[in-house]
Amino acid sequence: MFGIHDFLMFVASGLLLSITPGQDVLYIVGRGASQGSKAGMVAALGVGTGCLVHITAATLGLSALIATSATVFTVIKIIGAAYLLYMGVSILRSAKPAAVDAYACTITSSTPSTNLVTIWRQGFLCNALNPKVALFFLAFLPQFIDPTSTQTNMAFLTLGVVFSINGTLVCLLYGICAGRLAAKINPAGHLAAWSKRLAGCVFLGLGLRLALSERG
């Protein structure tokens, strides 16, 4: 269909890639561990929605522009790195004592970082503003598309959506498990502040790494 071949291999490869911890998984696990499974799931949905931006870009050929234009790549990279650094600082600043639900391990302070809409938006931007993800789709998806097909756009879209759905399911599991494990290990919720501090440091590191990265 649409010139797609080796579909089962594509699904298996995509699942293996999704299981491998990366920037998005670190964010999801951090939210789940510090604010509970619900926050982890919302973070996963945000990341999955951000993935749709790259799928659309690949379908429209915008990913190719990012790959060939050093200027476009650099602009997106700087924006993405700046946002990651901002997230890191924000998370570190919010990592302070707060009232915690002893059963759900959910921080009940009114800081913006505990708002589910904010968590979703951060997950979305964390993925959408990473040009490396766009380049990944551009390099990965064509391996499963017949170059002679006249419906390559539909093939890109189909494979991208399948990859996104599978990846989101994996990420949801990460978020749920992180929340439940944190609640079981540390039911009093004292782990939450340390989880947020660790997540903040991780995002500062990811922001610096993205800022110093090359197109490759």
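Which helix axes come within 9 Å and cross at roughly 165 degrees? Start with the whole model, then select the pair.

**The whole chain.** This is a predicted model, where local features need pLDDT of at least 70, side-chain atom pairs count only at pLDDT 80 or more, and totals for chains, interfaces and linings use all residues. Residues are numbered from 1 along each chain as its sequence is written, and side-chain values use heavy atoms, with hydrogens and water left out.

Color by secondary structure. The protein has nine helices and zero strands (DSSP runs, H or I of at least four residues for helices, E of at least two for strands, numbered from the N terminus). Along the sequence the pattern reads α-α-α-α-α-α-α-α-α.

Now show the surface. Of the 216 residues, 47% are buried (under 20% relative accessible area, 1.4 Å probe, protein chains only).

**The pair.** Select residues 23–35, helix α2, and residues 116–128, helix α6: these are the two whose axes come within 9 Å and cross at roughly 165 degrees. Axes are lines fitted to C-alpha atoms over the stretch in contact, with angles from 0 to 180 degrees between N-to-C directions. α2 and α6 are therefore roughly antiparallel (an angle over 145 degrees).

**The contact.** Show side chains. On α2, pick Q23, D24, Y27, R31 and Q35; on α6, pick T118, I119, Q122, G123, C126 and N127. These make the contact (heavy atoms within 4.5 Å). Color them by type: three are nonpolar, six polar and two charged. Here Tyr, Ile and Cys count as nonpolar, Asp and Arg as charged, and Gly as polar.

Note on methods
Parallel < 35°, antiparallel > 145°, perpendicular 65-115°, else oblique. Buried < 20%, exposed > 50% of the residue type's maximum accessible area, 1.4 Å probe, protein only.
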